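Below is a short briefing on one protein model.

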Amino acid sequence: MSLTHPSATEQQLSKPEAISLREALRFWLKLGFISFGGPAGQISIMHQELVERRRWISERRFLHALNYCMLLPGPEAQQLATYIGWLMHRTWGGVIAGVLFVLPSLFILIALSWLYIAFGEVPVVAGLFYGIKPAVTAIVVQAAHRIGSRALKNNWLWGVAAASFAAIFVFDVPFPLIVLSAALIGYAGGRLAPEKFSIGGQGAAKKSFGPALIDDDTPPPEHARFSGSKLLRLALIGAVLWALPMGILTALFGWDGTLTQMSWFFTKAALLTFGGAYAVLPYVYQGAVGHYGWLTPTQMIDGLALGETTPGPLIMVVAFVGFIGAYVQQVFGPDQVFLAGALAATLVTWFTFLPSFLFILAGGPLVESTHNELKFTAPLTAITAAVVGVILNLACFFAYHVLWPNGFDANLDWPSALIAIAAAIALFRFKRGVIEVLMGCGFFGLVVHLLR
């Protein structure tokens with residue numbers, strides 16, 4: 001047997017060598033450009049790369065970190081990358097991982113937002129979006145299925161997911177209340193039926209990919225141990241990083257200025273919305289479309305379509321919202337609409353993601369001290385199950401706006417329905433990639449739109 005090509009068994013028996021910050025930086029930069037498919041796709045990519053292929057972190061530690069990120073408000077995939085980067089290479093490792101996860105998509109979305117607002121009424125562009133939007137609905141359903149297939153391992157967790165869906169779909173219960181209720185159910189369930197609320201639930205896969213650099217029994221490194229002084233210092237730095245740009249915006253444009261209000265709104269979105277991108281979108285829709293009128297319902301769905309077709313967190317749709325709102329309102333006058341849009345996109349990205357970094361860097365030490373304690377992991381497992389129900393609710397939200405664009409009183413848009421069904425078959429039956437499906441549906445949408 002060649003020494004340069006060890007078998008899979010031999011690879012699994014040998015523990016990976018320590019990873020330098022430079023090597024990790026190259027990986028996080030690559031991830032920023034290939035992380036398509038929304039939160040579910042991005043988490044799947046990280047699992048394949050970091051758990052299965054590179055073995056930087058074990059399955060159990062990966063899922064524990066993921067459950068914590070699911071608990072937090074903000075984009076769970078970006079927070080997971082930040083967490084793993086921090087665990088491996090301290091604060092700078094987390095900052096690098098988190099920033100590189102976002103930065104490529106920011107630049108891409110600024111360019112695409114400008115093309116959209118400048119040429120969106122062109123029949124070719126309108127036709128492409130006509131086909132892409134039904135595909136997005138199918139992709140959201142797939143996200144619920146992919147997360148659910150990993151999280152819902154027994155009837156108890158299925159019950160939590162069903163109750164979550166009913167609460168938000170039928171009774172319009174606020175998502176933070178759903179999260180709190182799921183956490184309480186998980187806490188009680190961890191005591192009454194611990195085998196049902198272990199990580200991943202009963203029947204969770206116990207597959208091992210071999211020794212990992214950060215394995216199940218690897219003790220937390222020195223920087224991952226809790227320190228009150230570190231927490232205080234981090235809180236002060238975070239307060240300055242938020243207050244300084246907010247103060248400058250208020251001084252220049254006033255509290256009621258568009259850029260100031262955008263920054264304040266997306267600060268609230270970052271702090272008050274739980275469950276990742278799919279759960280935050282209804283809140284953003286309600287505020288950006290209904291309250292402030294920065295963009296129309298159709299533009300919001302088009303923005304989600306753009307978010308699905310670009311790498312990075314799906315919540316980067318906030319950059320689209322900021323760009324369109326500032327561009328249309330001509331914040332800097334009619335001659336500098338692109339500058340206004342680009343600045344707004346950058347600002348809302350800053351205020352949306354700043355809390356995510358603080359949550360990980362501040363809460364990471366506590367999480368690392370609890371990765372083998374069921375009283376902490378059981379609530380997180382229940383919350384993950386609840387999130388599945390919320391994502392399914394979002395699929396219904398988009399299906400309504402795409403398939404019945406003029407409301408239930410009008411007729412079903414049959415071409416959109418057929419494109420959505422075809423996208424679902426491609427995703428579920430033939431396991432096609434998200435970008436491939438979006439491109440195919442965009443082509444068919446273009447054909448239908450031009451033939452009408």
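The face of helix α7 turned away from its buried side carries Asn 155 and Trp 158, which are exposed (buried means under 20% relative accessible area, exposed over 50%, and partly exposed in between, with a 1.4 Å probe and protein chains only). Helices are DSSP runs (H or I, at least four residues), numbered from the N terminus. This is a predicted model, in which local features need pLDDT of at least 70, side-chain atom pairs count only at pLDDT 80 or more, and totals for chains, interfaces and linings use all residues. Residues are numbered from 1 along each chain as its sequence is written, and side-chain values use heavy atoms, with hydrogens and water left out.

**Helix α7**
- The buried residues of α7 are Leu 157, Val 160, Ala 161, Ser 164, Ala 167 and Ile 168.
- They lie on the same side of α7 because they cover an arc of only 130° around the axis (the arc is that of the directions from the helix axis to the C-beta atoms).
- At the N-terminal end, Asn 154 caps α7, with a side-chain oxygen 3.0 Å from the backbone nitrogen of Trp 156.

**Empty space**
- Rolling a probe the size of a water molecule over the atoms shows where empty space is left.
- On a 1 Å grid over the protein atoms alone, a cavity is a set of points where a 1.4 Å probe fits but cannot get out, and a pocket is an open set with protein on both sides within 12 Å along at least five of seven lines; lining residues have an atom within 4 Å of a point.
- A search of the whole structure finds three cavities of 30 Å³ or more.
- The second largest cavity has a volume of about 50 Å³, and its lining includes Leu 281, Tyr 285 and Phe 398.
- Helices α11 (277–291), α12 (297–309) and α15 (374–403) each supply at least two residues of this lining.
- The second largest pocket has a volume of about 870 Å³ (a volume is the space filled by probe spheres set on the grid points, which are joined across faces, edges and corners).
- This pocket is lined by 30 residues, and Thr 91, Val 95, Leu 234, Phe 357 and Leu 361 lie nearest its centre.

**Leu 115**
- Leu 115 is in helix α5 and is partly exposed, with a relative accessible area of 38%.

Terms used. Polar contact = N/O pair within 3.5 Å; in protein donor to acceptor, adjacent residues only side chain to side chain.
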